[in-house]
Structure formats: C-alpha cells, structure tokens
Amino acid sequence: MAELGLQDNEFKNPVVHWIDARLPVFTAMHKEYRQFPTPKNFNYFWNFGALATVNLAIMIVTGIFLAMNYNPSTAGAFDSVQRIMRDVNWGWMIRYIHMNGASLFFVLVYVHIFRGLYYGSYKKPREMIWMLGVVLLLLLMATAFMGYVLPWGQMSFWGATVITNLFGAIPVVGHGIVTWLWGGFAVANPTLNRFFSLHYLLPFIIVGFLFLHIMAIHTVGSNNPLGIDVRGPQDTLPFHPYYTVKDSVGICVYLIVFAILVFFLPHLLADPNNSIQANPLQTPSDIVPEWYFLPFYAILRSVPNKLGGVVLLFGSILILFVLPWLDTSPVRSCRFRPIMRWLWILFVIDVFMLGYVGANKPVGIFILLGRIATVWYYVHMLIFLPLIGKLERPLPLPESISKSVLGGGALPSAAAAARPMEKA
Amino acid sequence: MRTLSLAAAVVVLGLAFSVLRVAAQETPPLPRVFWSFEGPFGTIDRAAAQRGYQVYKQVCSACHSMNLFHFRDLAGIGYTPEQITAIAASVQVPGPPNAQGQSSPISGKPADAFPSPFPTEAAAKAAFNGAVPPDMSLMANAFVGGPSYIYGILNGFRNPPSGVAVPPGRYYNIYFPGNFIAMPPPLHDSAVTYADGTPATVPQMAHDVATFLYFVANPHVDQRKRIGAHVVLFLVFITGLTYALKRKVWSEVEH
C-alpha cells in the first residue's frame, strides 16, 4: 500500500496523512505521548518533571518579551527594567512572572531531584536520564545566575563579582580566567553584555538537553514509586489520557501557587538591595545569593581555604554524575530500604540546614553548623550510599505493580500510608 | 508518630535559630505600623498618599530626587489630569538646548520625571559631607521592612546616649544601621499644613510620606491585587474541574 519511500500511517485526515508519510511527527507523538506505556502507580511527585517543562516554556515566553524592552548596558539596564515595571503595558506582570518563575523553577527541580533520590530513579537502566538531568541542573543554575545579574541592582553586581571571583581560586590560571570571564578588570559593561547574550542562549540549550532527557526516559521507561520493573501491559496505562489529565491537575495547583506569588507576594523571595542600582564603590553589608544557591554558598564558606571551598562547592553537584555507581543497593525505592529511607530524610534536612546556614553571616554557631552539614553531605554521598547498599536488608519487594496496587503482593502498610494522595 | 517527632524536632531547631538571629541584631525591631495596602486585599489609602505627596514636595524634594516617577503617575493616587498639569507646570525641569547649546530650565509637563534638586551627583555629595541623598523612586522596596523602615527612620531621631560621640555632619537615629545618619531630622510638628486639615504631627507625616513612597515604588499594586484575586479564583475553579475530570478518567482503571 505504501508507495516507495513513503511512511505508512493510519491517520484519516488527508493533510495529516500526507505530512506523516513524509515526516512521521504525528506517528511519533502518537507513540510517545498517547500510547507510551506508563506505570499505573505514579503518585503526584511524578508531576514535577512536567511542571518544570511548563515552567521552562513560561520563562522563555516571558523572557522574550522582557528582552524586547531591556537595555543591556550598565548605564541603562536598571532604568530599563524599571521602565518595564512602570510604563510597558503589563510589563510589571511579565517581569514578576519571570522573576518568581526563576524561584519556582528551582522549587520544582529540587523536588524532582529529591523524588529521584528517594525512589532510586537514577539506577540502572536510568543512569543516562539522571546524568542528563544533572547537565540540565548545571545549565539551569548558570542561566539563573546570569539572569539575576541583568537588572543591575546592588545584589546583581556584587553577586556577579563574588561568583566570578570563585574562578580566581584556580591555581596559576585563575586570575587570567576571571579577567577573561569579565571581559575586563572588573564586572562592567562587557560582562553585562555577555551575560545577557548567554542568558538568552542557554534556555534553548536547556530545551535541547530536555529533549534528550525525555528521549532517554522514553527509551527505558519511567521508574515508579515501587521501584520495580514493569512486567507487562497489566502494569501500565497509556500516557494519554491518564497521565495528561493527572499532570493537568498538578499544573493547575502549580499555577495557583505561581499566581499567589506573582500577584500578592512578588517581592517575597527578592533581596531589597536589588532595588538599589549597582554601585561598584559601595559594597552591601551582606552579599547573599538567591535562596536556591544558599546550600552551595554554605558549602563554599564552610571551608577555610578558598580553593578547597570552590572544589567542594562544584564537587557537591558534580558528584551527582556518579551517583548511579555510588549507590550499591539493587533495590530502587526507599520504601523497601529501611535504613536508606531515614538517611534520605536526614539528607533532606541536611540540605535545608545548609540553606539556613547560607542565609546567615558565617559567625559563631553557623560556622560549626555549616561544617557539620557539609561533611554530612559528602559522607552521605561517599560513605552511606556505597556502604548501606551492602549492609542493609531490604524489605521483600512486591511481585508486580498490578498485584501491589490491587492490594495483593507484599505491600508493607507503611508504603500504603505514604501515598494518601493516590486514593483519588 | 515518627512524623510527629520529626516535625517537633524541626520546630525546636527553628525556634533555637530564630533566637540566635534576634541576638545578632543591632537596631531595635521596627515599629509595628498599620498600612492600608497590607494583605491580599489592602489598597493604597489615596488621602494619605496625597498628604504624603505634599510632604515629599515641601520637605523631601529639597534634597531627594525621584527620577523614575513621572508627574502623570500621580493619577494613580487620585489627582485629575488638570491638577497634574498644574503640578508639573509649577516645577522647573531642565529644558532642551537652544541654538547656542545653552539649556535653561522650563516648566514641567505631565510626562516629565520629578527633577533632581542638585545639578550633579557631585554637587549633592558636596552639600552632605559625601553622602548623596538617595533617589526616592524605589526607596520603599529597597530596605528590609519597606515603608515601616522609612517610618522608623523618620521617627527614630534621638539624643545620643551618654558616652556616644556623634561624628560631625551625622545625626543619631535608633533605626539606622550603625546609628549615625547623614540626614538631619527632616520633620518637625506642623512642618506642612495639610489641605484636608489633618494635624501634621511627625508620626502622621512619616506615615503619610511612607504610604506615598510605597505607591511610588509600586504604582501598579492596587491593579495587581485586583487582577490577582480574579486569576486565583479562576484557577481554583479550573483546578476543581480538572480534578473532577481526572477522577472520571481514572475511575475506569483499578489503581
């Protein structure tokens, strides 16, 4: 039936049929977003990947409109942002969406990462998904950092100065690298120009890596709260309509939170110092990064040696690349790992503690707390994950997803209680 | 039970940290002031903001610029176009250069920004022992506490405690970090005569001008909250519908 070279397809619409025969995008969408067999036991934590994708789209769209009215020069940047806030039609809304969207992006991504840690989503065969995710995290951080510099407030300028100076800790070539990053001998106009350019570029690189991230997921299939493999069609549901509708519920709730931030608490997460134009001659009494960098900032300041601090700072993220090989347990989900389950909770508390320490001046008790929390971070990664996997005796795994969700199999009561949202 | 004990531990830790934090503060906590624009449904008190504008014009504007705020923006606190045109015309703004390249001041138009009282930053610096009076356009957003901080500073001038030597050209203010502020006490009772007959006490003027400056820094705040209420209501409705749809779709499968 198919003519030579044309792709056979079952679409009735003649236009769709004609296009798909030459470029099978409709077949691909049908396969990946309609039929795609998805474990039937996801809880709402599985929403956060889709939410982050929606957030990315919102950031790109609002960012394009902001860029139309932004002036990337040290003389004009601050006033042009204020012009957006005051005089551009709906400018205040677009900018508040973009500004709070950056914070929400990290909320979503951090929940997504901790979900992956709890349910062992980084383990074989999903190492590639995880590593692409770490690349996405690094790109997101770079994009957020450069975006924060653009309004050219006091914290923009001094944050940029502190962070770029981190590279000065590299022996021998450090100072050369910093000068090269700045395009001069201080954070100044060339720095702002290149940050603007890169801030516009990186989100599209993120889109590319996101595509690979999803392609890898669609190759090996999604993990699920039980962490056991899909045994057959009885364990899965087609992605559409089951998970499109479930993701839609999550998107609605996320939009409510987003709207409350944008319309009622737009400055909740902003530093008041950024309402003052950058002044290279006046250092703020406290230079604090945005909340989403605070845990890493705490790690940096916990080490009395600058190079050591920089190494541990970058190490804390880069170590995630080898996480699939650091964790030696064959069991994925912490539901069946009685010890790791608690260590995971302690790890979450540890990261919150680092964030808290990062928000305070490094004096008195905060120095000690920061050091303990930093050591715990690395001990968790380098000692607990390899060791507990060998020592721990996991609980019996359920036979299959379908048996488990129907009440059969060895489903411990604790696991059932941990999924109250799934009762719907 | 485990969750409970965990939550209790977190709360105890949090309290311990907040105590540590208070101990590290140098200035007293800011005065607790009621602002008409507080909360999700609060709006700018226009009468207070208009009184505050009068304080700005007669007192603050002698030293402080407000270069992101235009005369036309006064419409947001209830001034009519005619009043705004008259207000703008009463102020001299830098004019365009003539054929000889010389520029002389002309009377302002509604589209002009509030002019700076000093020709250059250096002139301002020279007049105030090196401290430039900060621009007021975003002042209500630029400090922790916002309008309450402005209110605190304006009411915070005191005689220095015995043994504290105030440097020349500085004044003692309990709410200013470090306590030595370059601004002389700007307000005294009856510094202005309010058109609406409100007694012009220092706390009253401080409150009014802080309200005005909050409006200046957030000119769209009333519109923002009004739209926000509609947006959130709409989203709650859509969330309900979507959740019902989700239950309907999933009712067919055992899960």
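Biologist: Hi! What should I know before I start clicking on residues?

Modeller: It's a predicted model, so local features need pLDDT of at least 70 and side-chain atom pairs count only at pLDDT 80 or more, while totals for chains, interfaces and linings use all residues. Residues are numbered from 1 along each chain as its sequence is written, and chains are lettered from A and ligands numbered from 1 in the order in which they are written.

Biologist: Great. How many helices and strands does chain A have?

Modeller: Chain A has 17 helices and two strands. Those are DSSP runs numbered from the N terminus, with helices being H or I of at least four residues and strands E of at least two.

Biologist: And how compact is chain A?

Modeller: Its radius of gyration is 24 Å, close to the 22 Å from the globule rule for 424 residues, so chain A is as compact as a globular protein of that length. The radius is taken over C-alpha atoms, and the rule is 2.2 Å times the number of residues to the power 0.38. Along its principal axes, the C-alpha trace of chain A spans about 70 × 60 × 45 Å.

Biologist: What share of chain A is buried?

Modeller: Buried residues are 40% of the 424 in chain A. Buried means 20 or more other C-beta atoms within 10 Å of the residue's own, exposed means 12 or fewer, and partly exposed is in between; the C-beta atoms are placed from the backbone.

Biologist: Which residues touch the most other members of the largest nonpolar core?

Modeller: They are A:Phe105, A:Val262, A:Ile299 and A:Leu354, in a core of 72 residues. Helix α5 (residues 91-118) of chain A supplies the largest share of this core, 12 residues. The core also draws at least three residues from each of domain 1 (43-287) and domain 2 (289-400 + 410-417) of chain A. By nonpolar core I mean a set of buried Ala, Val, Leu, Ile, Met, Phe, Trp, Tyr and Cys residues joined through C-beta atoms within 7 Å.

Biologist: Let's zoom in. What does A:Val262 touch?

Modeller: Leaving out residues up to four places away in sequence, A:Val262 touches A:Met93, A:Tyr96, A:Ile97 and A:Asn100. Two residues are in contact if their C-beta atoms, placed from the backbone, lie within 7 Å. There's also a second, separate core of 40 residues, which includes B:Tyr53, B:Tyr56, B:Cys60 and B:Met139.

Biologist: Switching to the two chains: how many residues does each one put into their contact?

Modeller: The contact takes 32 residues from chain B and 31 residues from chain A. On the chain B side, the elements giving two or more residues are α1 (2-23) and α7 (221-250) of chain B.

Biologist: Is strand β1 of chain B mostly covered or open?

Modeller: Mostly covered: four of the five residues in β1 (residues 66-70) of chain B are buried. β1(B) pairs with strand β4 (residues 113-114) of chain B in the antiparallel sense over two bridges; strands pair if DSSP finds at least two bridges between them. Within β4(B), B:Phe114 is the bridge partner of B:Met66.

Biologist: What about A:Trp90, buried or exposed?

Modeller: A:Trp90 counts as exposed because it has 12 C-beta neighbours inside 10 Å. A:Trp90 has a positive phi of about 60° although it is not a glycine, and lies in the loop between α4 (77-86) and α5 of chain A.

Conventions:
Domain bounds come from an automatic or database domain assignment.
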